[in-house]
Amino acid sequence: MNGVSFTVAELGALLEHVRGLKAAARARIPGLERRAETVVAGLATLHAALTVLGASEVTVSEGALREGMLIEELSRFQAYRSVLSARQRSVLGTAERFGANLSHSRQVAALSRALLDALHAAGEPVDHEDRSLLTAAGALHEVGQIVAQSAHHKHSAYLIRHAELRGFSPREIELIAQLARYHRKSPPKASHAEFMALGAGDRDRVTRLAAVLRVADGLDRSHAGAARLEGLRRAADGSWELSVSGVTPLDLAGARDKADLWARVFGPLTLRAP
């Protein structure tokens, strides 16, 4: 439930619904089995408090008083305040916990953002959520290697779902997991149940961002960390030309191999290197 949001109006509607049920009926609602006798009072108290405070929306946090005190104390230190956000700290901590190659992770995240910015400059629609999700997925795409090299993209998705990433909603965590799932091997398909469980807009977002992530990952196939984007140009026929520097032959081959989804989403991609 961490990160789940709801409006006070929705809470009020839930209160009215539950208040109209007998205790036995309330006990049959998943999660209320042991709270059938007290949930009405709890909901009424919470709704009244939020109304008095003038709140319109609530986000659930698993953190409590001690976590708040710790964050407040740490915020006194400039290094803690200014260097990393809560999301960034959580992503970095997760990557370290699962033994990810941090140099490669940072490079793929940086290349992904650069490609996304270049697409935006070329007229493709890109928003802040795209950048945030793609950065996290770039940093965590290979954490599944701690389980096994084979099918590590699927292991990465599983670990991301259960890593308790802070600062992200359950929906955002699922999108990050699916981006990691599709950084290699098969692109999204209608036969993939977890992909199809997403809403149409999120399926489109995962497909677009996975196309970018795959090319970014290919550009650092050597793990040399030297690839740089020099330019991205769209031709009149809808194809793209990506100019890069610092790449090895292995990096170029990797990006070309993994440009399949890019071609499907944006149009054919040609790579140029000095």
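This is a predicted model: local features need pLDDT of at least 70, side-chain atom pairs count only at pLDDT 80 or more; totals for chains, interfaces and linings use all residues.
As a reminder, side chains of opposite charge can pair when their charged atoms come close. I'll show you two more of these pairs.

Please find arginine 19. Its partner in a salt bridge is glutamate 16, and the closest N and O atoms are 2.3 Å apart. Here the two residues share an element: arginine 19 and glutamate 16 both lie in helix H1 (residues 8-19), three residues apart, which is about one turn of the helix. As for accessibility, arginine 19 counts as partly exposed at 44% relative accessibility, and glutamate 16 is partly exposed too, with a relative accessible area of 47%.

The next pair is arginine 171 with glutamate 129. They form a salt bridge whose closest N and O atoms are 2.6 Å apart. Arginine 171 is in helix H10 (residues 170-181) and glutamate 129 is in helix H8 (residues 128-140), so the bridge ties together parts that are 42 residues apart in sequence. Arginine 171 is partly exposed, with a relative accessible area of 36%, whereas glutamate 129 counts as buried at 18% relative accessibility, since buried means under 20%.

Which residues are linked with Arg171 and Glu129 in a network of salt bridges? The network also takes in Asp127, Asp130, Asp202, Asp204, Arg205 and Arg208.

Some of those names come back when we look at how helices pack. Two packed helices are described by the angle between their axes and the distance between the axes. Take H8 and H12: they pack at an angle of about 50 degrees, with their axes 10 Å apart. H8 and H12 are therefore oblique to each other, and H8 passes H12 in a right-handed crossing. On the H8 side, the residues that meet H12 are Glu129, Asp130, Leu133, Leu134, Ala137 and Gly138. Facing them from H12 are Arg205, Arg208, Leu209, Val212 and Leu213.

Let's move to another helix pair. The axes of helix H9 (residues 152-161) and H10 come within 7 Å and cross at roughly 165 degrees. H9 and H10 are therefore roughly antiparallel to each other. H9 passes H10 in a right-handed crossing. The contact includes His153, Lys154, Ala157 and Ile160 of H9, and among the H10 residues in the contact are Ile173, Ile176, Ala177 and Arg181.

Now for the sheet. Three strands form an open sheet in the order E3-E4-E5, and the pairing is mixed. Strand E3 (228-234) and strand E5 (269-272) stand at the edges, each with a single partner strand, so one side of each has no neighbour in the sheet. On average, neighbouring strands of this sheet are turned by 20 degrees against each other, direction ignored.

Strands of a sheet pair through backbone hydrogen bonds, either parallel or antiparallel. Which sense do E3 and E4 use, parallel or antiparallel? E3 and E4 pair in the antiparallel sense over six bridges. If you want to trace that pairing, look at leucine 229, whose bridge partner in E4 is valine 244. E3 and E4 also form a hairpin with five residues between them, and glycine 238 in the turn has a positive phi of about 90 degrees.

Tryptophan 240 has leucine 269 as its bridge partner in E5, and leucine 242 stands opposite leucine 271 in E5.

One last thing to look for on the screen: helix H7 (residues 102-121) lies across E3 and E4, running at about 30 degrees to E3.

Key: Residues are numbered from 1 along each chain as its sequence is written. Side-chain values use heavy atoms; hydrogens and water are left out. A salt bridge is a side-chain nitrogen of Lys or Arg within 4 Å of a carboxyl oxygen of Asp or Glu. Helices (H or I, at least four residues) and strands (E, at least two) are DSSP runs, numbered from the N terminus. Buried means under 20% relative accessible area, exposed over 50%, partly exposed in between (1.4 Å probe, protein chains only). Two strands pair if DSSP finds at least two bridges between them. Axes are lines fitted to C-alpha atoms, for helices over the stretch in contact, and angles run from 0 to 180 degrees between N-to-C directions. Contact means heavy atoms within 4.5 Å. Angles under 35 degrees count as roughly parallel, over 145 as roughly antiparallel, 65 to 115 as roughly perpendicular and the rest as oblique. A crossing is left-handed if the near helix is turned anticlockwise from the far one by less than a right angle, and right-handed if clockwise.
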